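Open the model in your viewer and keep the sequence beside it. This tour goes stop by stop: select, look, move on.

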Amino acid sequence: MKGSRPHILLLITDQFRYDAVSPVITPNLHAFEESNGTTAFDRAYTSTPTCTPARAALLTGKSPWAHGLLGYSTYTSCTKYPTTLPHVLGYNGYRTVAVGKNHFG
């Protein structure tokens, strides 16, 4: 990547309590969090406890009731939404990729 833009790595993990990221419970995530240049959102909240609507909300900037993914049974394509975080990043010169389960393909 050209220029001095920062690299962005967005890790999303499921089903953690507020105190789950610790050296004992999640040593690798804790070590990553402690590395230089890392920002951990330790006061972040979700509008839904299930992963599909929460991930879609993060990627679209819309609440689950606005993006329409309220559970696991509904499949949608990210092409349904005109503006998503990956689209905005791509427009600004970033290359994006999703790895793992995203339920939003």
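A surface patch, as used here, is made of residues with over 30% relative accessible area and no salt bridge, and nonpolar side chains are joined within 5 Å. Keep that in mind for a later stop. Note also that this is a predicted model.

**The whole chain**

Start with everything shown as a cartoon. You will find four helices and zero strands. Along the sequence the pattern reads α-α-α-α. The chain has 105 residues, and 21% of them count as buried.

Next, think about contacts between residues with a separation of 6 or more: 44% of them join residues 24 or more positions apart.

**The nonpolar patch**

Select Leu10, Ile12, Leu58 and Leu85. Together they make a nonpolar surface patch of about 320 Å². Zoom in on Ile12, which is in the segment before α1 (27–34).

**Helix α2**

Select residues 51–60, helix α2. How many of its 10 residues are buried? Eight of them are, so the helix is mostly covered. Colour the buried ones: Cys51, Thr52, Pro53, Arg55, Ala56, Ala57, Leu59 and Thr60.

What do they pack against? Show α3 (64–67) and α4 (85–91): the buried residues of α2 pack against both of these helices. Then step past the end of α2 to Gly61. Gly61 follows the helix, and its phi is positive, near 80°.

**Gly71**

Move on to the loop between α3 and α4 and select Gly71. Is Gly71 buried or exposed? Its relative accessible area is 19%, so Gly71 counts as buried, the limit being under 20%.

Look for its partners. Leaving aside neighbours within four places in sequence, Gly71 is in contact with Thr52 and Pro53. Both Thr52 and Pro53 are among the buried residues of α2. Thr48 and Gly71 are 23 residues apart along the chain, and their C-alpha atoms are separated by 9.5 Å.

**Val21**

Go back to the segment before α1 and select Val21. Val21 is partly exposed, at 39% relative accessibility. Which residues does Val21 touch, not counting those up to four places away in sequence? Show Thr26, His30 and Glu33.

Now draw a distance from Val21 to Ala31. The two are 10 residues apart in sequence. C-alpha to C-alpha, they are 9.9 Å apart in space.

Select Gly93, in the segment after α4. Gly93 is partly exposed, with a relative accessible area of 41%. Gly93 and Arg5 are 88 residues apart along the chain, yet their C-alpha atoms are separated by 9.4 Å.

Keep Arg5 selected and show the side chain of Tyr94. What sits over the ring of Tyr94? The charged end of Arg5 does, 5.0 Å from the ring's centre.

The structure holds zero of them.

Technical notes: Residues numbered from 1 in each chain as written. Predicted model: local features only at pLDDT ≥ 70, side-chain atom pairs only at ≥ 80, totals over all residues. Heavy atoms only, no water. Patch = residues over 30% accessible without salt bridge, like charges linked within 9 Å, V, L, I, M, F, W, Y side chains within 5 Å. Areas by Shrake-Rupley, 256 points an atom, 1.4 Å probe, with all protein chains shown as cover. Salt bridge = Lys/Arg side-chain N within 4 Å of Asp/Glu carboxyl O. Helix = DSSP H or I, 4+ residues; strand = E, 2+ residues; numbered from the N terminus. Buried < 20%, exposed > 50% of the residue type's maximum accessible area, 1.4 Å probe, protein only. Contact = heavy atoms within 4.5 Å. Phe/Tyr/Trp six-rings, centres within 6.5 Å; stacked < 30°, edge-to-face > 60°. Lys NZ or Arg CZ within 6 Å of the ring centre and 35° of its normal.
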